[in-house]
Amino acid sequence: MMDGDTFTLKTETPKLDTAEQILPHLTPLASSSTVTTINLSGNTLGAPACTALANILSTKPTLRTANLADIFTSRLLSEIPPALSSLLTSLLPLQNLHTVDLSDNAFGLNTQAPLVDFLSQHVPLKHLVLNNNGLGPNAGTLIADALTTLAEKKEEARRKQQGTGPDIPDLETIVCGRNRLESGSMGAWAKCFQAHRGVKVVKMVQNGIRQDGIALLLREGLVRCEGLEVCDLQDNTFTSVGARALAEVVGRWGRLRELGVGDCLVGARGMVAVAEALGGGKNAELRVLRAQYNEIDVKGVGALLKVVKAGKLEGLRRVELNGNKFNEDDESVEGLRLLLEERKEKSQEADEGEWGLDELSDLEEDSDDDENESEEQAEEEEDERDGKAEKLLEEADQEENKTVSQKKDADVDELADQLGKTELK
(Lines give C-alpha, C1' and ligand atoms only; values in the text may rest on other atoms or scores of the structure.)
Protein backbone atom coordinates (compact mmCIF):
# COMPACT_ATOMS: atom_id res chain seq x y z
CA MET A 1 0.00 0.00 0.00
CA MET A 2 1.06 3.63 -0.55
CA ASP A 3 1.13 6.25 2.18
CA GLY A 4 2.26 9.45 0.53
CA ASP A 5 5.53 8.57 -1.17
CA THR A 6 6.11 5.46 0.96
CA PHE A 7 5.24 1.95 -0.23
CA THR A 8 4.77 -0.79 2.37
CA LEU A 9 4.31 -4.41 1.38
CA LYS A 10 1.59 -5.60 3.73
CA THR A 11 -0.33 -8.82 3.14
CA GLU A 12 -2.46 -11.25 5.10
CA THR A 13 -0.01 -14.04 4.24
CA PRO A 14 3.55 -12.64 4.39
CA LYS A 15 5.07 -15.68 2.66
CA LEU A 16 5.20 -14.83 -1.03
CA ASP A 17 6.87 -17.41 -3.25
CA THR A 18 5.83 -16.61 -6.81
CA ALA A 19 5.29 -13.65 -9.11
CA GLU A 20 1.58 -14.42 -9.17
CA GLN A 21 1.39 -14.15 -5.40
CA ILE A 22 3.23 -10.85 -5.08
CA LEU A 23 2.15 -8.87 -8.16
CA PRO A 24 -1.39 -8.00 -6.95
CA HIS A 25 0.18 -6.29 -3.93
CA LEU A 26 2.58 -4.26 -6.06
CA THR A 27 0.00 -2.36 -8.11
CA PRO A 28 0.30 0.86 -6.03
CA LEU A 29 4.08 0.75 -6.33
CA ALA A 30 4.00 0.10 -10.05
CA SER A 31 1.71 3.08 -10.65
CA SER A 32 3.67 5.52 -8.46
CA SER A 33 6.02 8.01 -10.10
CA THR A 34 7.09 9.68 -6.86
CA VAL A 35 7.87 6.81 -4.47
CA THR A 36 10.83 7.62 -2.23
CA THR A 37 10.69 4.82 0.35
CA ILE A 38 9.91 1.11 0.21
CA ASN A 39 9.33 -1.04 3.28
CA LEU A 40 9.37 -4.78 2.67
CA SER A 41 10.20 -5.76 6.25
CA GLY A 42 8.35 -8.64 7.87
CA ASN A 43 7.60 -10.55 4.68
CA THR A 44 9.36 -13.66 3.43
CA LEU A 45 10.07 -13.54 -0.30
CA GLY A 46 10.99 -16.34 -2.68
CA ALA A 47 13.28 -15.87 -5.68
CA PRO A 48 10.46 -15.67 -8.30
CA ALA A 49 8.63 -13.10 -6.18
CA CYS A 50 11.82 -11.06 -5.84
CA THR A 51 12.33 -11.12 -9.60
CA ALA A 52 8.84 -9.71 -10.17
CA LEU A 53 9.44 -7.03 -7.52
CA ALA A 54 12.85 -6.20 -8.97
CA ASN A 55 11.37 -5.54 -12.40
CA ILE A 56 9.24 -2.79 -10.86
CA LEU A 57 11.91 -1.37 -8.55
CA SER A 58 14.32 -0.83 -11.44
CA THR A 59 11.85 1.69 -12.91
CA LYS A 60 11.72 3.90 -9.78
CA PRO A 61 14.47 6.54 -10.08
CA THR A 62 12.92 8.59 -7.25
CA LEU A 63 13.59 5.87 -4.67
CA ARG A 64 15.77 7.05 -1.75
CA THR A 65 15.32 4.52 1.03
CA ALA A 66 14.95 0.73 0.87
CA ASN A 67 14.01 -1.19 4.01
CA LEU A 68 14.78 -4.81 3.14
CA ALA A 69 15.11 -6.03 6.73
CA ASP A 70 13.74 -9.46 7.67
CA ILE A 71 12.55 -10.54 4.24
CA PHE A 72 13.91 -14.11 4.11
CA THR A 73 12.53 -15.71 7.29
CA SER A 74 12.04 -19.50 6.80
CA ARG A 75 13.97 -19.45 3.50
CA LEU A 76 16.70 -21.99 2.83
CA LEU A 77 20.24 -20.72 2.30
CA SER A 78 20.04 -21.86 -1.32
CA GLU A 79 17.04 -19.58 -1.92
CA ILE A 80 18.60 -16.39 -0.63
CA PRO A 81 21.40 -15.61 -3.14
CA PRO A 82 19.21 -15.54 -6.29
CA ALA A 83 16.44 -13.65 -4.50
CA LEU A 84 18.87 -11.10 -3.05
CA SER A 85 20.70 -10.76 -6.34
CA SER A 86 17.49 -9.86 -8.17
CA LEU A 87 16.61 -7.15 -5.67
CA LEU A 88 20.05 -5.57 -5.32
CA THR A 89 20.75 -5.65 -9.06
CA SER A 90 17.53 -3.72 -9.65
CA LEU A 91 18.63 -1.09 -7.12
CA LEU A 92 22.08 -0.47 -8.60
CA PRO A 93 20.95 1.98 -11.33
CA LEU A 94 18.88 4.08 -8.90
CA GLN A 95 21.02 7.16 -8.38
CA ASN A 96 18.88 8.67 -5.63
CA LEU A 97 18.91 5.55 -3.44
CA HIS A 98 21.10 6.49 -0.49
CA THR A 99 19.79 4.36 2.42
CA VAL A 100 19.63 0.55 2.57
CA ASP A 101 18.66 -1.59 5.57
CA LEU A 102 19.26 -5.33 5.24
CA SER A 103 19.11 -6.28 8.92
CA ASP A 104 17.77 -9.60 10.24
CA ASN A 105 18.55 -11.52 7.07
CA ALA A 106 20.82 -14.59 7.03
CA PHE A 107 24.03 -13.67 5.18
CA GLY A 108 26.67 -16.26 6.01
CA LEU A 109 29.71 -16.92 3.88
CA ASN A 110 27.64 -18.87 1.35
CA THR A 111 25.11 -16.08 0.79
CA GLN A 112 27.17 -12.88 0.89
CA ALA A 113 28.14 -12.62 -2.81
CA PRO A 114 25.17 -10.51 -4.04
CA LEU A 115 25.58 -8.15 -1.10
CA VAL A 116 29.32 -7.76 -1.67
CA ASP A 117 28.69 -7.03 -5.35
CA PHE A 118 26.13 -4.34 -4.54
CA LEU A 119 28.13 -2.67 -1.78
CA SER A 120 31.24 -2.42 -3.91
CA GLN A 121 29.36 -0.58 -6.68
CA HIS A 122 26.48 1.53 -5.37
CA VAL A 123 28.13 4.94 -5.43
CA PRO A 124 25.08 6.90 -4.10
CA LEU A 125 25.09 4.94 -0.81
CA LYS A 126 25.14 7.14 2.33
CA HIS A 127 23.57 4.98 5.05
CA LEU A 128 24.03 1.22 5.45
CA VAL A 129 22.37 -0.88 8.15
CA LEU A 130 23.41 -4.51 8.61
CA ASN A 131 22.29 -5.84 12.00
CA ASN A 132 21.99 -9.50 12.95
CA ASN A 133 23.03 -11.04 9.64
CA GLY A 134 25.18 -13.95 10.88
CA LEU A 135 28.21 -12.71 8.97
CA GLY A 136 31.10 -14.03 11.02
CA PRO A 137 34.70 -12.79 10.60
CA ASN A 138 35.26 -14.09 7.07
CA ALA A 139 32.07 -12.75 5.50
CA GLY A 140 32.56 -9.62 7.62
CA THR A 141 35.97 -9.14 6.03
CA LEU A 142 34.42 -9.43 2.57
CA ILE A 143 31.81 -6.79 3.44
CA ALA A 144 34.49 -4.41 4.74
CA ASP A 145 36.59 -4.98 1.62
CA ALA A 146 33.55 -4.26 -0.56
CA LEU A 147 33.03 -0.95 1.23
CA THR A 148 36.70 -0.08 0.73
CA THR A 149 36.20 -0.70 -2.99
CA LEU A 150 33.11 1.50 -2.85
CA ALA A 151 35.25 4.37 -1.54
CA GLU A 152 37.48 4.00 -4.58
CA LYS A 153 34.45 3.99 -6.88
CA LYS A 154 33.15 7.16 -5.23
CA GLU A 155 36.47 8.93 -5.78
CA GLU A 156 36.58 7.75 -9.38
CA ALA A 157 33.05 9.08 -9.97
CA ARG A 158 34.01 12.45 -8.48
CA ARG A 159 37.01 12.73 -10.78
CA LYS A 160 34.89 11.90 -13.82
CA GLN A 161 32.25 14.47 -12.90
CA GLN A 162 34.72 17.34 -12.55
CA GLY A 163 32.11 19.53 -10.90
CA THR A 164 29.20 18.58 -13.17
CA GLY A 165 26.22 16.45 -12.22
CA PRO A 166 24.94 15.53 -8.75
CA ASP A 167 27.36 15.44 -5.84
CA ILE A 168 28.76 12.05 -4.90
CA PRO A 169 27.96 11.61 -1.21
CA ASP A 170 30.23 10.25 1.48
CA LEU A 171 29.25 7.04 3.19
CA GLU A 172 28.00 8.61 6.45
CA THR A 173 26.47 5.72 8.40
CA ILE A 174 27.74 2.19 8.99
CA VAL A 175 25.68 0.02 11.30
CA CYS A 176 26.99 -3.53 11.54
CA GLY A 177 26.06 -5.07 14.89
CA ARG A 178 25.34 -8.56 16.21
CA ASN A 179 27.37 -10.08 13.40
CA ARG A 180 30.25 -11.83 15.22
CA LEU A 181 32.81 -9.86 13.26
CA GLU A 182 35.46 -10.69 15.86
CA SER A 183 39.03 -9.40 15.91
CA GLY A 184 39.95 -11.32 12.77
CA SER A 185 38.04 -8.92 10.52
CA MET A 186 39.20 -5.70 12.19
CA GLY A 187 42.15 -5.23 9.83
CA ALA A 188 39.71 -5.04 6.93
CA TRP A 189 37.34 -2.77 8.83
CA ALA A 190 40.21 -0.46 9.80
CA LYS A 191 41.07 -0.09 6.11
CA CYS A 192 37.40 0.54 5.36
CA PHE A 193 37.33 3.48 7.76
CA GLN A 194 40.64 4.75 6.43
CA ALA A 195 38.94 4.95 3.04
CA HIS A 196 35.63 6.41 4.29
CA ARG A 197 36.83 9.36 6.33
CA GLY A 198 33.49 11.15 6.02
CA VAL A 199 31.69 8.61 8.21
CA LYS A 200 29.56 10.24 10.92
CA VAL A 201 27.79 7.30 12.57
CA VAL A 202 29.41 3.96 13.45
CA LYS A 203 27.52 1.28 15.39
CA MET A 204 29.27 -2.08 15.72
CA VAL A 205 27.77 -3.51 18.91
CA GLN A 206 27.92 -7.12 20.12
CA ASN A 207 30.44 -8.44 17.61
CA GLY A 208 32.77 -10.47 19.81
CA ILE A 209 35.65 -8.09 19.10
CA ARG A 210 38.42 -8.53 21.68
CA GLN A 211 40.78 -5.88 22.98
CA ASP A 212 43.46 -6.16 20.31
CA GLY A 213 40.86 -5.94 17.56
CA ILE A 214 39.28 -2.91 19.23
CA ALA A 215 42.67 -1.22 19.53
CA LEU A 216 43.38 -1.91 15.87
CA LEU A 217 39.98 -0.61 14.76
CA LEU A 218 40.42 2.61 16.76
CA ARG A 219 44.10 3.37 16.11
CA GLU A 220 44.23 2.41 12.44
CA GLY A 221 40.68 3.05 11.29
CA LEU A 222 38.27 5.23 13.23
CA VAL A 223 40.98 7.71 14.17
CA ARG A 224 40.81 8.91 10.55
CA CYS A 225 37.08 9.71 10.80
CA GLU A 226 37.42 13.16 12.32
CA GLY A 227 33.78 14.08 11.66
CA LEU A 228 32.47 11.15 13.71
CA GLU A 229 29.31 12.04 15.64
CA VAL A 230 28.20 8.67 17.03
CA CYS A 231 30.54 5.84 18.01
CA ASP A 232 28.79 2.83 19.53
CA LEU A 233 30.98 -0.19 20.25
CA GLN A 234 28.99 -1.60 23.17
CA ASP A 235 29.15 -5.24 24.19
CA ASN A 236 32.62 -5.93 22.83
CA THR A 237 35.77 -6.44 24.92
CA PHE A 238 37.98 -3.41 25.57
CA THR A 239 39.88 -4.02 28.83
CA SER A 240 42.53 -1.42 29.59
CA VAL A 241 44.12 -2.13 26.20
CA GLY A 242 41.11 -0.92 24.24
CA ALA A 243 40.45 1.87 26.73
CA ARG A 244 43.95 3.28 26.21
CA ALA A 245 43.44 3.15 22.46
CA LEU A 246 40.14 5.01 22.84
CA ALA A 247 41.84 7.59 25.05
CA GLU A 248 44.43 8.14 22.33
CA VAL A 249 41.95 8.77 19.52
CA VAL A 250 38.84 10.31 21.11
CA GLY A 251 40.30 13.80 20.95
CA ARG A 252 40.29 13.57 17.15
CA TRP A 253 36.49 13.43 17.12
CA GLY A 254 35.60 17.06 17.76
CA ARG A 255 31.98 16.58 16.65
CA LEU A 256 31.32 13.47 18.74
CA ARG A 257 27.84 13.58 20.31
CA GLU A 258 27.42 10.01 21.55
CA LEU A 259 30.00 7.50 22.80
CA GLY A 260 28.86 3.96 23.61
CA VAL A 261 31.26 1.66 25.45
CA GLY A 262 28.81 -0.12 27.77
CA ASP A 263 29.46 -3.75 28.72
CA CYS A 264 33.00 -3.59 27.33
CA LEU A 265 35.13 -4.36 30.42
CA VAL A 266 36.70 -0.93 30.21
CA GLY A 267 37.80 -1.33 33.82
CA ALA A 268 38.78 1.11 36.54
CA ARG A 269 42.07 2.29 35.06
CA GLY A 270 40.53 2.34 31.60
CA MET A 271 37.75 4.70 32.63
CA VAL A 272 40.23 7.05 34.26
CA ALA A 273 42.25 7.14 31.03
CA VAL A 274 39.16 7.83 28.91
CA ALA A 275 37.92 10.52 31.30
CA GLU A 276 41.28 12.25 31.29
CA ALA A 277 41.33 12.16 27.49
CA LEU A 278 37.87 13.71 27.37
CA GLY A 279 39.27 16.39 29.66
CA GLY A 280 41.52 17.53 26.83
CA GLY A 281 38.83 19.99 25.79
CA LYS A 282 38.35 18.60 22.28
CA ASN A 283 34.98 16.89 22.81
CA ALA A 284 32.81 19.83 23.81
CA GLU A 285 29.85 18.51 21.76
CA LEU A 286 29.66 15.14 23.56
CA ARG A 287 26.13 14.72 24.91
CA VAL A 288 25.77 11.06 25.81
CA LEU A 289 28.27 8.67 27.41
CA ARG A 290 27.17 5.04 27.80
CA ALA A 291 29.52 3.11 30.09
CA GLN A 292 27.39 0.57 31.97
CA TYR A 293 28.71 -2.79 33.25
CA ASN A 294 32.40 -1.96 32.88
CA GLU A 295 33.88 -2.68 36.32
CA ILE A 296 34.37 1.07 36.79
CA ASP A 297 35.08 2.11 40.37
CA VAL A 298 34.64 5.37 42.22
CA LYS A 299 37.99 6.67 40.91
CA GLY A 300 36.64 6.45 37.38
CA VAL A 301 33.50 8.34 38.35
CA GLY A 302 35.61 10.91 40.16
CA ALA A 303 37.82 11.41 37.11
CA LEU A 304 34.76 12.03 34.96
CA LEU A 305 33.25 14.42 37.50
CA LYS A 306 36.49 16.38 37.62
CA VAL A 307 36.44 16.84 33.85
CA VAL A 308 32.79 17.91 33.81
CA LYS A 309 33.31 20.36 36.66
CA ALA A 310 36.25 21.88 34.79
CA GLY A 311 33.89 22.75 31.92
CA LYS A 312 35.64 20.52 29.39
CA LEU A 313 32.45 18.65 28.49
CA GLU A 314 29.94 21.47 28.50
CA GLY A 315 27.56 19.57 26.22
CA LEU A 316 27.36 16.41 28.35
CA ARG A 317 23.80 15.72 29.47
CA ARG A 318 23.46 11.94 29.86
CA VAL A 319 25.80 9.43 31.56
CA GLU A 320 25.00 5.72 31.97
CA LEU A 321 26.97 3.96 34.72
CA ASN A 322 24.70 1.20 36.07
CA GLY A 323 26.30 -2.18 36.73
CA ASN A 324 29.68 -0.83 37.82
CA LYS A 325 31.62 -1.12 41.09
CA PHE A 326 30.86 1.81 43.36
CA ASN A 327 28.32 2.96 45.93
CA GLU A 328 25.36 5.00 44.72
CA ASP A 329 25.78 7.32 47.69
CA ASP A 330 29.43 8.10 46.95
CA GLU A 331 30.24 11.78 46.84
CA SER A 332 31.48 11.64 43.23
CA VAL A 333 28.36 9.84 42.03
CA GLU A 334 26.05 12.28 43.77
CA GLY A 335 28.09 15.20 42.48
CA LEU A 336 27.79 13.98 38.89
CA ARG A 337 24.05 13.42 39.31
CA LEU A 338 23.47 16.92 40.64
CA LEU A 339 25.60 18.56 38.00
CA LEU A 340 23.67 16.87 35.17
CA GLU A 341 20.35 17.79 36.78
CA GLU A 342 21.45 21.44 36.99
CA ARG A 343 22.33 21.41 33.30
CA LYS A 344 18.89 20.10 32.42
CA GLU A 345 17.18 22.80 34.50
CA LYS A 346 19.16 25.53 32.76
CA SER A 347 18.83 24.14 29.24
CA GLN A 348 16.29 25.26 26.67
CA GLU A 349 16.34 21.70 25.30
CA ALA A 350 15.31 19.99 28.54
CA ASP A 351 12.41 18.21 26.80
CA GLU A 352 14.61 16.81 24.04
CA GLY A 353 16.69 13.64 24.18
CA GLU A 354 18.14 11.85 27.21
CA TRP A 355 19.28 13.62 30.36
CA GLY A 356 20.87 12.87 33.72
CA LEU A 357 22.44 9.83 35.32
CA ASP A 358 20.78 6.49 34.63
CA GLU A 359 19.12 4.43 37.35
CA LEU A 360 21.85 2.74 39.39
CA SER A 361 19.88 -0.38 40.30
CA ASP A 362 22.50 -3.05 39.63
CA LEU A 363 25.77 -1.87 41.15
CA GLU A 364 28.48 -4.29 42.29
CA GLU A 365 30.67 -4.15 45.34
CA ASP A 366 33.86 -2.13 44.93
CA SER A 367 37.10 -3.99 44.28
CA ASP A 368 40.72 -2.96 44.68
CA ASP A 369 42.10 -5.40 42.11
CA ASP A 370 43.11 -2.72 39.67
CA GLU A 371 44.98 -0.83 42.39
CA ASN A 372 47.18 -3.86 43.01
CA GLU A 373 48.32 -4.14 39.42
CA SER A 374 51.94 -3.02 39.15
CA GLU A 375 53.35 -0.58 36.64
CA GLU A 376 55.55 -3.39 35.33
CA GLN A 377 52.49 -5.54 34.61
CA ALA A 378 50.85 -2.63 32.80
CA GLU A 379 53.91 -2.13 30.60
CA GLU A 380 54.03 -5.85 29.75
CA GLU A 381 50.36 -5.72 28.76
CA GLU A 382 51.06 -2.71 26.52
CA ASP A 383 53.92 -4.53 24.73
CA GLU A 384 51.75 -7.60 24.24
CA ARG A 385 48.96 -5.48 22.76
CA ASP A 386 51.31 -3.79 20.28
CA GLY A 387 52.67 -7.13 19.11
CA LYS A 388 49.23 -8.64 18.63
CA ALA A 389 47.94 -5.60 16.77
CA GLU A 390 50.86 -5.84 14.35
CA LYS A 391 50.13 -9.51 13.83
CA LEU A 392 46.47 -8.75 13.09
CA LEU A 393 47.46 -6.27 10.41
CA GLU A 394 49.80 -8.79 8.79
CA GLU A 395 47.12 -11.48 8.86
CA ALA A 396 44.59 -9.09 7.31
CA ASP A 397 46.97 -8.39 4.43
CA GLN A 398 47.54 -12.11 3.91
CA GLU A 399 43.81 -12.84 3.89
CA GLU A 400 43.26 -10.33 1.09
CA ASN A 401 45.59 -12.33 -1.14
CA LYS A 402 43.94 -15.71 -0.80
CA THR A 403 40.49 -17.23 -1.16
CA VAL A 404 38.55 -17.43 2.08
CA SER A 405 37.89 -21.02 3.12
CA GLN A 406 34.18 -21.89 3.27
CA LYS A 407 34.90 -24.76 5.61
CA LYS A 408 36.47 -22.38 8.09
CA ASP A 409 33.21 -20.42 8.39
CA ALA A 410 30.80 -23.38 8.28
CA ASP A 411 29.54 -22.61 11.78
CA VAL A 412 28.54 -19.12 10.64
CA ASP A 413 26.43 -20.52 7.82
CA GLU A 414 24.85 -22.99 10.23
CA LEU A 415 23.88 -20.05 12.42
CA ALA A 416 22.60 -18.16 9.38
CA ASP A 417 20.49 -21.19 8.38
CA GLN A 418 18.94 -21.23 11.85
CA LEU A 419 18.26 -17.49 11.63
CA GLY A 420 16.63 -17.96 8.26
CA LYS A 421 14.21 -20.53 9.68
CA THR A 422 13.38 -18.51 12.78
CA GLU A 423 11.09 -15.54 13.12
CA LEU A 424 13.38 -12.64 13.90
CA LYS A 425 12.13 -10.01 16.32
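**Notebook: salt bridges in a predicted model**

I began with Glu 226 and Arg 252, whose side chains meet in a salt bridge at 2.8 Å, N to O; I count as a salt bridge a side-chain nitrogen of Lys or Arg within 4 Å of a carboxyl oxygen of Asp or Glu. Glu 226 sits in the loop between α8 (211-221) and β11 (230-232), and Arg 252 in the loop between α9 (239-249) and β12 (258-260), so the pair ties together parts that are 26 residues apart in sequence. The helices (H or I, at least four residues) and strands (E, at least two) I use are DSSP runs, numbered from the N terminus. I looked up the exposure of both partners and found Glu 226 partly exposed at 43% relative accessibility, and Arg 252 partly exposed at 40%. For these classes, buried means under 20% relative accessible area, exposed over 50%, and partly exposed in between, with a 1.4 Å probe and protein chains only.

I note that this is a predicted model, in which local features need pLDDT of at least 70, side-chain atom pairs count only at pLDDT 80 or more, and totals for chains, interfaces and linings use all residues. Residues are numbered from 1 along each chain as its sequence is written, and side-chain values use heavy atoms, with hydrogens and water left out.

Next I turned to Arg 290 and Glu 320, which form a salt bridge with the closest N and O atoms 2.5 Å apart. This pair links distant parts of the chain, since Arg 290 belongs to strand β13 (residues 288-290) and Glu 320 to strand β14 (residues 318-320), 30 residues apart. Arg 290 is buried at 12% relative accessible area, and Glu 320 is buried at 9%. I then followed the shared partners and found that salt bridges join Glu 258, Arg 290, Arg 318, Glu 320 and Glu 354 into one network.

Glu 156 is partly exposed, with a relative accessible area of 31%, whereas Lys 160 is exposed at 64%.

Finally I looked up the totals: a search of the whole structure gives 17 salt bridges, and the protein chain has 14 helices and 15 strands. Of its 425 residues, 52% are buried.
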